[in-house]
Amino acid sequence: AQPMPSWRRDDGRAQVKVIAGRALGGQAQAETRTPITYLDLSLEAGAALTLDIPAAQNAFVYVFGGALA
């Protein structure tokens, strides 16, 4: 198995793992029947991150800890 593609912002305050689909220059190894983008985001308090979402897709965020502002 190949490692999951990941991206870390230069200041280290944001990290993204690409579970399915493509984001920030990485493409997941998982193949899906429906085009999706499934990411695992880790943000430090006060960090911000902007992601491009394909126009044909919707976005959903599930917060495990902390809060969104």
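Accessible areas come from the Shrake-Rupley method with a 1.4 Å probe, and for residues only the protein chains shown count as cover. The structure is a predicted model, in which local features need pLDDT of at least 70 and side-chain atom pairs count only at pLDDT 80 or more, whereas totals for chains, interfaces and linings use all residues. Residues are numbered from 1 along each chain as its sequence is written, and side-chain values use heavy atoms, with hydrogens and water left out.

The protein chain contains zero helices and five strands, and its elements run β-β-β-β-β from the N terminus on. Helices (H or I, at least four residues) and strands (E, at least two) are DSSP runs, numbered from the N terminus. The C-alpha trace spans about 35 × 25 × 20 Å along its principal axes. Of the 69 residues in the protein chain, 16% are buried; buried means under 20% relative accessible area, exposed means over 50%, and partly exposed lies in between (1.4 Å probe, protein chains only). Among contacts with a separation of 6 or more, 28% are accounted for by residues 24 or more positions apart, where contact means heavy atoms within 4.5 Å.

Pro5 lies in the segment before β1 and counts as buried because its relative accessible area is 18%. Leaving aside neighbours within four places in sequence, Pro5 is in contact with Val16, Lys17, Val18, Gly26, Gln27 and Ala28. The C-alpha atoms of Pro5 and Gln29 are separated by 8.3 Å, although the two are 24 residues apart along the chain. Trp7 lies in strand β1 itself and is partly exposed, at 27% relative accessibility. With neighbours within four places in sequence again left aside, the contacts of Trp7 are Ala14, Gln15, Val16, Leu24 and Leu49. Trp7 and Gly26 are 19 residues apart in sequence and 7.7 Å apart in space, C-alpha to C-alpha.

Leu24, one of the contacts of Trp7, lies in the loop between β3 (22-23) and β4 (26-27). Most residues other than glycine have a negative phi. Leu24, which is not a glycine, has a positive phi of about 50 degrees. Its relative accessible area is 37%, so Leu24 is partly exposed. Gly25 is also placed in the loop between β3 and β4 and is exposed, with a relative accessible area of 84%. The C-alpha atoms of Gly25 and Pro5, 20 residues apart along the chain, are separated by 8.9 Å.

Side chains of opposite charge can pair when their charged atoms come close. A search of the whole structure finds two salt bridges, a salt bridge being a side-chain nitrogen of Lys or Arg within 4 Å of a carboxyl oxygen of Asp or Glu. One joins the side chains of Arg9 and Asp11 at 3.0 Å, N to O. Arg9 is partly exposed at 22% relative accessible area, and Asp11 is partly exposed at 46%. The side chains of Glu44 and Arg13 also meet in a salt bridge, at 3.9 Å, N to O. This pair links distant parts of the chain, 31 residues apart: Glu44 is in the segment after β5, and Arg13 is in the loop between β1 (6-8) and β2 (14-20). Glu44 counts as partly exposed at 45% relative accessibility, and Arg13 is partly exposed with a relative accessible area of 27%.

Phe60 is found in the segment after β5 (38-43) and counts as exposed because its relative accessibility is 72%. Together with Tyr62 and Phe64, Phe60 makes a nonpolar surface patch of about 510 Å². Patches are made of residues with over 30% relative accessible area and no salt bridge; like charges are joined within 9 Å, and nonpolar side chains (Val, Leu, Ile, Met, Phe, Trp, Tyr) within 5 Å.

The largest pocket is lined by 32 residues, of which Leu39, Leu41, Phe60, Val61 and Tyr62 lie nearest its centre. On a 1 Å grid over the protein atoms alone, a pocket is an open set of points where a 1.4 Å probe fits, with protein on both sides within 12 Å along at least five of seven lines, and lining residues have an atom within 4 Å of a point. Strand β5 gives the most to this lining, with five residues.
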